[in-house]
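These are my notebook entries on a few places that I looked up in one model. Each entry records what I looked for and what I found.

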Amino acid sequence: MLGSGITIHEVNTGTQDITKVELIFKCGRVNEEHIAAARATANLLGEGTSSHTSAEIDEHFDFYGAIVKFRSALESTSISLVCLNRHFQKVWPMFYSVIFDPLFDEKEVKKYADVASQKLRNQISKNEIISYRVLTEKIFGKDHPYGYNTQPEDIASLKAESIKNFYNKNFSIENAFIVLSGKYDDKIKQRITSDFERAKKESSMHFQSFYAQDFSNKTFNEKTQNDSQVSIKMGRMMFERKHKHFSHFYFLNTILGGYFGSRLMKNIREDKGYTYGIYSSLDAYKQNGVFYISSEVGNDFVNPCITEIYNEIDTLKSTLVNEEEMSMVRNYLLGQSLHLIDGPFATGHLIKNIYSKDLEISDFENHINIIRNITSVELREIANLYLDKNTFTTVLAGYIT
């Protein structure tokens with residue numbers, strides 16, 4: 001913990017002379033006052049400072065072989081630097097100025113808006129994207145921070161003023177932390193700590209309103225020009241990441257459709273041949289989350305596919321999972337967990353995910369313990385608690401006959 005109030009999480013366990021610095025701000029789409037401003041702000045950070053153009057910044061990082069990435073999500077924004085230790089002192093000042101001295105020139109904003117809005121137009125012509133956007137809007141609500149859909153015109157209308165406003169309100173060390181990983185020496189650490197001691201502290205974050213949405217068992221047909229396949233999305237609002245049943249449902253979701261050997265894959269892909277792929281997901285956020293099942297099938301297989309999905313759900317609610325399947329999924333998830341701490345960068349990424357969701361290391365330890373000890377009886381109880389088809393919303397996107 002630095003005197004300025006920011007925390008640095010260190011993973012100095014590498015074997016190669018490479019350092020990764022990642023600065024995570026606890027802000028994202030949920031803090032937007034202008035739709036699309038959060039992602040635009042993150043992407044425009046590297047497009048010029050008060051003393052360097054975007055071309056000069058790119059050339060500088062390329063010359064020293066540094067990798068700089070900007071990521072924006074619903075509730076967090078991260079900026080990362082990976083470079084060889086011998087080039088760190090050359091690269092770091094430019095990286096620091098990108099974060100704390102961005103220009104947000106109107107021309108760069110216009111260039112970004114034109115490209116990003118066209119990219120979104122292309123994306124939302126795909127059935128799979130359409131079905132997901134409609135599903136989350138219907139589940140959360142069209143004005144909910146997790147539910148509203150950015151439109152191309154929202155991006156196209158972005159101005160430098162909106163970007164600067166989002167940056168000034170949210171990008172401060174008051175709501176940020178650092179993950180430092182790799183194999184680094186005291187000089188590198190000292191340079192980072194000394195600079196962050198003087199970084200901007202204050203913020204005046206804007207928070208959007210969260211509200212409860214009633215569950216509804218409805219089906220929405222979205223007719224599109226893509227008539228070769230129908231994208232099926234069905235699901236419901238779920239709990240937040242801190243919920244006591246998150247890890248239990250995480251295990252259950254894996255059995256249902258969370259990995260290649262899941263029940264949905266075996267039944268609907270391998271046995272019935274209705275689709276090339278089907279999966280289920282649990283996306284848990286700070287406030288609440290969403291569970292959904294996704295697949296793409298031909299028109300003739302839409303209803304049979306949905307029937308088989310519900311058959312698999314009903315089986316989980318009525319029949320105990322046998323010990324062989326329990327052991328297989330348990331080993332799969334524990335193996336996946338080992339990958340999360342395979343090396344300093346992977347461990348740093350795990351730490352970032354933990355603290356960006358306002359969790360603690362103990363929450364991850366508890367998650368592993370539940371995976372190790374959960375029983376088939378508990379899984380059946382969880383299935384009956386949360387897999388009620390009367391709370392499911394279904395979206396079909398394609399040429400519906």
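**Entry 1: Aromatic rings**

I began with two residues and found that Tyr-96 is buried, and so is Phe-100; buried means under 20% relative accessible area, exposed over 50% and partly exposed in between, with a 1.4 Å probe and protein chains only. I note that this is a predicted model, in which local features need pLDDT of at least 70, side-chain atom pairs count only at pLDDT 80 or more, and totals for chains, interfaces and linings use all residues. Residues are numbered from 1 along each chain as its sequence is written, and side-chain values use heavy atoms, with hydrogens and water left out.

I then looked up the aromatic pairs; rings of Phe, Tyr and Trp (its six-membered ring) pair if their centres lie within 6.5 Å, and planes under 30 degrees apart count as stacked, over 60 as edge-to-face and the rest as tilted. By this rule I recorded 27 aromatic pairs. Phe-63 and Tyr-64 form an edge-to-face pair, with 4.9 Å centre to centre and 90° between the planes. In this pair Phe-63 counts as exposed at 65% relative accessibility, whereas Tyr-64 is buried with a relative accessible area of 18%. Tyr-96 and Phe-100 form a tilted pair, with 4.8 Å centre to centre and 45° between the planes.

Why are Tyr-96 and Phe-100 separated by about one helical turn? I found that they are four residues apart in helix H3 (residues 88-100); helices (H or I, at least four residues) and strands (E, at least two) are DSSP runs, numbered from the N terminus. I also noted one aromatic cluster formed by Phe-88, Trp-92, Phe-95, Tyr-96, Phe-100 and Phe-196.

**Entry 2: Helix H12**

I turned to H12, residues 323-339, which has 17 residues. Its first and last C-alpha are 24 Å apart, close to the 24 Å expected at 1.5 Å a residue; the expected span is 1.5 Å times one less than the number of residues.

Which residues of H12 are buried? I listed Glu-325, Met-326, Val-329, Arg-330, Leu-333 and Ser-337. They cover an arc of only 130° around the axis, which puts them on the same side of H12; the arc is that of the directions from the helix axis to the C-beta atoms. The face turned away from this buried side carries the exposed residues Glu-324, Leu-338 and His-339. What covers the buried residues includes helices H9 (246-258), H10 (263-271), H14 (361-373) and H15 (376-386).

At the N-terminal end of H12, I found Asn-322 as a cap, with a side-chain oxygen 3.2 Å from the backbone nitrogen of Glu-324.

**Entry 3: Two buried residues**

I located His-367 in helix H14, where His-367 counts as buried at 7% relative accessibility. Leaving aside neighbours within four places in sequence, His-367 is in contact (heavy atoms within 4.5 Å) with Arg-241, Phe-246, Ser-247 and Tyr-250.

I next looked up Asn-31, in the loop between strand E2 (18-25) and helix H1 (37-44). Asn-31 is buried, with a relative accessible area of 1%. The C-alpha atoms of Asn-31 and Gln-208 are separated by 6.0 Å, although the two residues are 177 residues apart along the chain. A polar atom of the Asn-31 side chain lies 2.9 Å from the backbone nitrogen of Gly-28.

Note on methods
Polar contact = N/O pair within 3.5 Å; in protein donor to acceptor, adjacent residues only side chain to side chain.
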